[in-house]
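Let's take a walk through this protein together.

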Amino acid sequence: DIEFDLDPRFLNTKYECLRPTPLKPKYNQSLVELLEVIEHSRELNGEERNALSYRHAIAALKAYPHNIKSYAEARKIIGVGPKIGNHIKEFLTTDTIPEAEEILASEKYQTLDIFSRVYGVGYKTALKWYRKGYKSIRECMRDPYLTHIQRLGLELFNDFQKKMSRQDIQELLGILDTIIKSIYSDCIITPVGGYRRGKEFNGDLDVVVSHPQEEIANNLLKDIVEKLMDTGHLKHKLFYARNKKDTSSELLSSHRNVMDKLDKCFCAFIQPSTQICRQVDLIIAPYSQYSTAVLGWTGSKQFERSLRNYAKKERNMTLTSHGLFLNVIPKRQVHVTSEREIFNILGIPWVEPEMRNC
Ligand code: 8DG
Ligand code: MN
Ligand code: MN
């Protein structure tokens with residue numbers, strides 16, 4: 001057995017939020033890439049539980065401080081069980097993982113992978129189209145039973161596939177800043193999602209917008225969307241939801257993995273310099289929910305999941321985009337005003353957004 005001294009945070013946790021995970025792992029990159037293929041294929045087959053165990057192992061390997069050298073070493077990592085351990089063993093001897101190679105070569109995987117990239121299409125629709133024998137986006141477009149949003153997703157597919165550089169994002173942010181502040185100059189506009197985590201190329205732009213005055217924040221989504229339509233930037237509303245501003249009951253409902261109840265509009269937005277249609281996700285947060293909304297929409301999805309699980313299982317608290325709550329009867333809200341405060345209350349060492357890439 002090889003000697004290694006490791007920060008226990010890298011090994012002894014199933015909570016990704018307890019350790020920093022960089023965007024580009026220094027070690028185990030090709031192993032991670034192969035495991036990601038298997039993980040994605042499980043997702044496309046609707047095997048969410050199985051996909052999740054791959055995601056835990058992948059996250060641990062991304063944060064691991066050197067290349068894995070043996071099966072025994074791999075198995076010491078929480079989240080690496082016998083199955084994934086064996087894949088790692090295969091990788092150590094053959095430099096690849098046969099199952100990942102098979103998946104990559106399979107026509108079913110290649111097709112489902114493409115279909116599932118269409119906005120609004122999950123694995124079920126992708127599988128349905130595959131079973132109808134469709135091989136390309138063009139063939140899907142001839143399906144007679146498309147919903148409005150599926151048709152839109154297919155039409156926007158080419159544009160949405162084009163990744164945005166940080167400069168593209170900055171262009172969009174500049175436009176949003178000007179337009180939103182022309183409505184209310186005191187709006188607070190915070191880019192979140194992959195851009196905030198430092199990603200070089202982004203599939204969309206996620207932005208949380210708030211305003212110190214509650215009444216203004218309540219109607220902000222409608223005001224912004226109208227203005228973006230007037231200026232011609234907003235081409236299509238992909239998803240639009242405004243929620244009743246009733247009191248605590250909605251705030252306290254905290255179904256796992258269900259969309260939060262913040263006002264939001266997912267927009268197809270024309271980027272002036274390229275005329276490419278970009279996805280911009282606008283999220284409106286009341287001022288009192290601003291810090292939890294920013295934390296909740298910064299991601300990564302796996303980081304968010306582990307934060308919520310940690311809050312629940314280790315602290316008897318509920319963390320959502322709406323706030324932090326103590327799970328006592330009746331539920332009690334813990335008022336927070338910054339991300340750092342949330343980490344402090346949860347007793348989690350501060351993790352920079354750039355290190356939340358699990
Ligand atoms: P990408 O766009 O560059 O591909 O990466 P990303 O920015 O990490 O992914 P994203 O799909 O745009 O999602 C950004 C974050 O938003 C993600 O980490 C989790 C969060 N998020 C959703 N949907 C929902 C939701 O319904 N509720 C909450 N609370 N958060 C959500 O994507
Ligand atoms: Mn995003
Ligand atoms: Mn998004």
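Let's start with a hairpin: S6 is joined to S7 through two residues. Strands here are DSSP runs of E with at least two residues, helices are DSSP runs of H or I with at least four residues, and both are numbered from the N terminus. Two strands pair if DSSP finds at least two bridges between them.

Before going on, some housekeeping. This is a predicted model, in which local features need pLDDT of at least 70 and side-chain atom pairs count only at pLDDT 80 or more, while totals for chains, interfaces and linings use all residues. Residues are numbered from 1 along each chain as its sequence is written, and chains are lettered from A and ligands numbered from 1 in the order in which they are written.

S6 and S7 run antiparallel and are joined by four bridges; in one of them, Thr 320 has Gly 323 in S7 as its partner. A second hairpin leads from S7 to S8 through five residues. Strand S7 (residues 323-326) pairs with S8 over three bridges, again in the antiparallel sense. Among these, Phe 325 partners Gln 333 of S8, and Leu 324 partners Val 334 of S8.

Put together, you get an open sheet of three strands in the order S6-S7-S8, with antiparallel pairing. Strand S6 (317-320) and strand S8 (332-334) stand at the edges with a single partner strand each, so one side of each has no neighbour in the sheet. On average, neighbouring strands of this sheet are turned by 30° against each other, direction ignored. For angles like this, axes are lines fitted to C-alpha atoms (for helices over the stretch in contact), and angles run from 0 to 180 degrees between N-to-C directions.

**The five-stranded sheet**

There is also an open sheet of five strands, ordered S1-S2-S5-S4-S3, with mixed pairing. Its edge strands are strand S1 (188-191) and strand S3 (234-241), each pairing on one side only. Strand S4 (residues 263-271) and strand S5 (residues 276-286) pair in the antiparallel sense over nine bridges, and one of the partners is Gln 279 in S5, which goes with Ala 268.

Which helices pack on this sheet? Helix H15 (residues 220-230) does, touching strand S2 (205-211), S3, S4 and S5, and its direction makes about 15° with that of S4. H17 packs on the sheet too, touching S1, S2 and S5, with its direction at about 180° to that of S2. Touching means contact: the C-beta atoms of two residues, placed from the backbone, lie within 7 Å.

**Around ligand 1**

Which residues come nearest to ligand 1? Of the 16 residues around ligand 1, they are Gly 193, Gly 194, Gly 203, Met 259 and Gly 299. (A residue is near a molecule or strand if its C-beta atom, placed from the backbone, lies within 6 Å of it.) Helix H13 (193-196), helix H17 (290-298) and helix H18 (301-315) are the elements that give two or more residues to this shell.

Most residues other than glycine have a negative phi, and most peptide bonds are trans. The table shows some exceptions.

| Site | Feature | Value |
|---|---|---|
| Gly 299 and Ser 300 | cis peptide bond | omega about -5° |
| Ile 329 and Pro 330 | cis peptide bond | omega about -5° |
| Gln 275 | positive phi | about 60° |
| Asn 316 | positive phi | near 55° |

Where do these sit? Ser 300 is in the loop between H17 and H18, and Pro 330 is in the loop between S7 and S8. Gln 275 belongs to the loop between S4 and S5, while Asn 316 belongs to the loop between H18 and S6.

Is Gln 275 buried or exposed? A residue is buried if 20 or more other C-beta atoms lie within 10 Å of its own, exposed if 12 or fewer, and partly exposed in between, with C-beta atoms placed from the backbone. Gln 275 has 8 other C-beta atoms within 10 Å, so it is exposed. Asn 316 counts as exposed because it has 11 C-beta neighbours inside 10 Å.
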